[in-house]
Amino acid sequence: MTEVTDFLRIRNMKRVLFSFAIMMSSLGCLAQTADSLALSYDELRYDYFFMEAMLQRQKGNSDAVFDLLNHCIAINPDASEAYFYIAQYYAALKDGDKALEYVRKAAELSPDNDTYLETLAQRYIGAQQFAEATVVLERLYEQNKDREELLETLFRLYQHEKDYEKAIPYFDKAIEIDPEYVDAYYNAGVCYSNIGYEINEKLNSANKKVSQAEWDKSIAPVKANYKKAEPYFLKVKELRPDDSDLWAGRLSIVYYILGDKKKQAEYDKYNK
């Protein structure tokens, strides 16, 4: 009922303004009021169709809703709310492409509307357009920095896309909000480990004979990233000391890469 109640309140206000415009025109102020009169008339027509669409939506008359909302767009092509509800119509019909098209238009017309942005991000994710989803979620997060679930969605999307460099700052922001967020520590450590692993794989695939000095220089970024992973996995151990399956293997690999055989052996014991 919220949409209908709000529109009734706004419509009554506009009726007063519309009546005032008519009164002014009757007093000979036609030139000054012509534009506002036309605008008010179109607004009233728009409000009528939109309010009726919301009433029909509550009754479950989807086809009527669709027709009424298209009347709204014909009156005002920049009506973001009409595009948004048409998107819901297509979503109910399982037409993901059309739903995405219309909610994208709604978000373009009202870029500060959190509901439109969140729905658009969900549509992109459903369409497996993850890069587009992250762009929308970045914008949404900038407008809602207190929403921890947005951070989680962002870091998981970036991690899924193997964009570890972009994922890590969001893990760190999540940790700032919740210093005992085990999954954030663990996955940040995994991201650093994966960055190091990918560098190492490129070095090995090159299959070039190099001097020890050249190799040490090439392998330094690998070790640096595993070193960055270390404190995250140690924090996981601190928070979940009895869950060695979560941290022992990871720390063993970290110390293997760093060449610390003593510490590697310490964590290998957990894996036997």
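When I say helix here, I mean a DSSP run of H or I that is at least four residues long, with numbering from the N terminus. With that in hand, take E81: this glutamate sits in helix α4, which covers residues 80-92. Before I go on, please keep in mind that we're looking at a predicted model.

Okay, the overall picture. The accessible surface comes to about 15900 Å², and carbon and sulfur atoms hold 51% of that.

Back to E81, then. Is it buried, partly exposed or exposed? The relative accessibility of E81 is 21%, and the cut-off for buried is under 20%, so E81 counts as partly exposed. What does its side chain touch? There's a polar contact with the side chain of Y46, at 2.7 Å. And then there's Y116, which is 35 residues from E81 in sequence, while the two C-alphas are 8.9 Å apart in space.

Next stop, S193. You'll find this serine in helix α10, residues 182-206. The relative accessible area of S193 is 4%, and because buried means under 20%, S193 goes in the buried group. So which residues is it in contact with, once you leave aside the neighbours within four places in sequence? The answer is Y226, A229, F233 and R250.

Now for the charged pairs. Side chains of opposite charge can pair when their charged atoms come close. How many salt bridges does the structure hold? Nine. I'll walk you through a few.

Start with K145 and E142, whose side chains meet in a salt bridge at 3.4 Å, N to O. K145 is partly exposed at 47% relative accessibility, and E142 is partly exposed too, also at 47%.

Then there's R156 with E152. Here the closest N and O atoms of the salt bridge are 3.2 Å apart. Both residues lie in helix α8, residues 148-160, and they're four residues apart, about one turn of the helix. R156 has 33% relative accessibility, which makes it partly exposed, and E152 is partly exposed as well, at 29%.

Over in helix α11, residues 212-239, we've got K235 and E238. Why are these two about one helical turn apart? Because they're three residues apart in that helix. Their salt bridge has its closest N and O atoms 3.1 Å apart. If you look at how open the two partners are, K235 is partly exposed, with a relative accessible area of 23%. E238 has 53%, and since exposed means over 50%, E238 counts as exposed.

One last thing to look at on the charged side: which residues are linked in a network of salt bridges? Those are E118, R147 and E149.

Definitions and conventions
Residues numbered from 1 in each chain as written. Predicted model: local features only at pLDDT ≥ 70, side-chain atom pairs only at ≥ 80, totals over all residues. Heavy atoms only, no water. Buried < 20%, exposed > 50% of the residue type's maximum accessible area, 1.4 Å probe, protein only. Contact = heavy atoms within 4.5 Å. Areas by Shrake-Rupley, 256 points an atom, 1.4 Å probe, with all protein chains shown as cover. Polar contact = N/O pair within 3.5 Å; in protein donor to acceptor, adjacent residues only side chain to side chain. Salt bridge = Lys/Arg side-chain N within 4 Å of Asp/Glu carboxyl O.
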